[in-house]
Amino acid sequence: MSERGEHGGHVVSVPTYVGVFLALMALTGVTVWASGQDFGALNTGVALGIAVTKATLVVLFFMHVKYGSSLVKLYIVAAIVWLGILISITMSDYASRGWLGPRQSTAPYQIEDR
Amino acid sequence: MASADPHPALAHHFESLEVQKESATLGMWSFIAQEVLFFGAFLLVYTLHRNLYYPVFEACSHHLDLKLGAFNTAVLICSSLTMALAVHAAAVGKKRQIVAWLLATVLLGSVFLGVKVVEYHQKWEDQLVPGLRWGAAEDVGRELHLQGADVDHAQLYFSLYFGLTGLHALHMIVGIPIILWIAFRAHRGEFDAAYNTPVELTGLYWHFVDIVWIFLFPLLYLIGHH
């Protein structure tokens with residue numbers, strides 16, 4: 001659903017924008033509804049899954065990445081990979097504290113009254 | 001643009017408007033990539049403490065106003081649509097529509113910030129602003145249904161709440177004057193179907209700010225089972 005611009009650029013059509021908008025609003029409704037359901041350990045996963053879906057729609061259509069250059073796509077993948085490194089390596093460090101030593105606590109510091 | 005006179009917006013070191021636009025777009029995406037990591041560092045601190053003190057974060061999250069949060073999410077998605085329509089109007093060279101859709105975006109962005117002020121005010125009234133106005137332990141404990149050391153840990157949640165939403169709001173406060181400036185330039189007739197890169201790049205910024213909120217809403221408002 002798109003048209004060619006007068007000067008060769010890619011123009012996303014209005015119906016496409018409105019369709020994406022309606023999907024985003026519907027997913028917002030779904031995430032609020034889902035927060036009232038108990039999926040147990042999956043609560044966070046469901047909420048984040050919906051957020052990632054919404055963000056993907058915004059990036060692909062509102063931000064034109066679906067029609068953009070490979071270099072832009074590479075930049076986005078790089079940003080996500082770096083974010084993944086930042087969070088996963090730091091969290092794996094905190095999670096594995098005390099595995100080798102006698103220290104029981106996984107907390108990096110002790111709060112006095114805890 | 002093979003005609004003798006190049007487009008007035010074409011800088012001399014670019015071969016064509018297409019190349020110029022590609023270059024500017026890539027620059028904007030570099031900025032957005034570092035913004036991902038800028039917010040990412042904050043999200044890392046959030047993830048860490050959420051794991052350490054999950055029950056506290058859940059209790060604090062339930063104290064936020066879910067209706068206002070959901071309303072603001074909808075407002076911001078609407079503002080992303082109006083921004084997308086402004087970019088579309090620019091791409092097809094409808095100058096008056098660019099201005100109208102940009103002003104609609106500013107209006108919706110202002111509504112979002114207004115709701116945010118109402119929410120911040122409520123936290124102030126409830127004495128839940130760490131460092132500035134934090135209530136006595138028993139008051140906060142009653143308010144959040146927490147006891148003992150957990151009351152102190154609630155300060156972590158609210159520090160992150162104000163840090164993350166404040167940083168997001170700051171991005172909108174920066175974005176609104178930029179949109180007004182672009183609307184003014186559109187009103188002066190600077191953009192046409194051939195050259196509208198500033199409108200498009202402002203759109204990228206605004207959509208990115210929308211994406212940040214798409215993640216902040218479930219992370220702050222929807223922890224656990226409501």
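Helices here are DSSP runs of H or I with at least four residues, strands are runs of E with at least two, and both are numbered from the N terminus. With that in place, Leu17(B) lies in helix α1 of chain B. Before I go on, some conventions. This is a predicted model, where local features need pLDDT of at least 70 and side-chain atom pairs count only at pLDDT 80 or more, while totals for chains, interfaces and linings use all residues. Residues are numbered from 1 along each chain as its sequence is written, and chains are lettered from A and ligands numbered from 1 in the order in which they are written.

Back to that residue. Leu17(B) has 21 other C-beta atoms within 10 Å, so it is buried. Buried means 20 or more other C-beta atoms within 10 Å of the residue's own, exposed means 12 or fewer, and partly exposed is in between, with C-beta atoms placed from the backbone. Leu17(B) and Gly203(B) are 186 residues apart along the chain, and their C-alpha atoms are separated by 19 Å.

Now chain B as a whole. Its secondary structure comes to 7 helices and 2 strands, in the order α-α-α-α-β-β-α-α-α along the sequence. Along the principal axes, the C-alpha atoms of chain B fill a box of roughly 75 × 30 × 30 Å. Chain B has 226 residues, of which 42% count as buried. For contacts, the criterion is C-beta atoms, placed from the backbone, within 7 Å. Among contacts in chain B with a separation of 6 or more, 75% are between residues 24 or more positions apart.

Next, one helix pair inside chain B. Two packed helices are described by the angle between their axes and the distance between the axes. How do α2(B) and α6(B) cross? The axes of α2 (residues 54-63) and α6 (residues 149-187) of chain B come within 9 Å and cross at roughly 65°. The axes are lines fitted to C-alpha atoms, for helices over the stretch in contact, and angles run from 0 to 180 degrees between N-to-C directions. α2(B) and α6(B) are therefore roughly perpendicular to each other; the classes are under 35 degrees for roughly parallel, over 145 for roughly antiparallel, 65 to 115 for roughly perpendicular, and oblique for the rest. On the α2(B) side the contact is made by Val56(B), Phe57(B) and Cys60(B), and on the α6(B) side by Asp150(B), His153(B), Ala154(B), Tyr157(B) and Phe158(B). By class, that contact has 6 nonpolar, 1 polar and 1 charged residues. Nonpolar is Ala, Val, Leu, Ile, Met, Phe, Trp, Tyr, Cys and Pro; charged is Asp, Glu, Lys and Arg; the others, Gly among them, are polar.

On to chain A. It has 3 helices and 2 strands, in the pattern β-β-α-α-α. Of its 114 residues, 21% count as buried.

Finally, the interface. 40 residues of chain B are in contact with 45 residues of chain A. On the chain B side, the elements giving two or more residues are α1 (17-52), α3 (66-91) and α7 (197-221). The largest share, 15 residues, comes from α1(B). By class, this side has 26 nonpolar, 11 polar and 3 charged residues.

One residue from the chain A side: Phe62(A), in helix α2 (residues 43-62) of chain A. Which residues does Phe62(A) contact, leaving aside neighbours within four places in sequence? They are Val20(A), Ser80(B), Ala84(B) and His207(B). Phe62(A) counts as buried because it has 27 C-beta neighbours inside 10 Å.

Conventions
Two residues are in contact if their C-beta atoms, placed from the backbone, lie within 7 Å.
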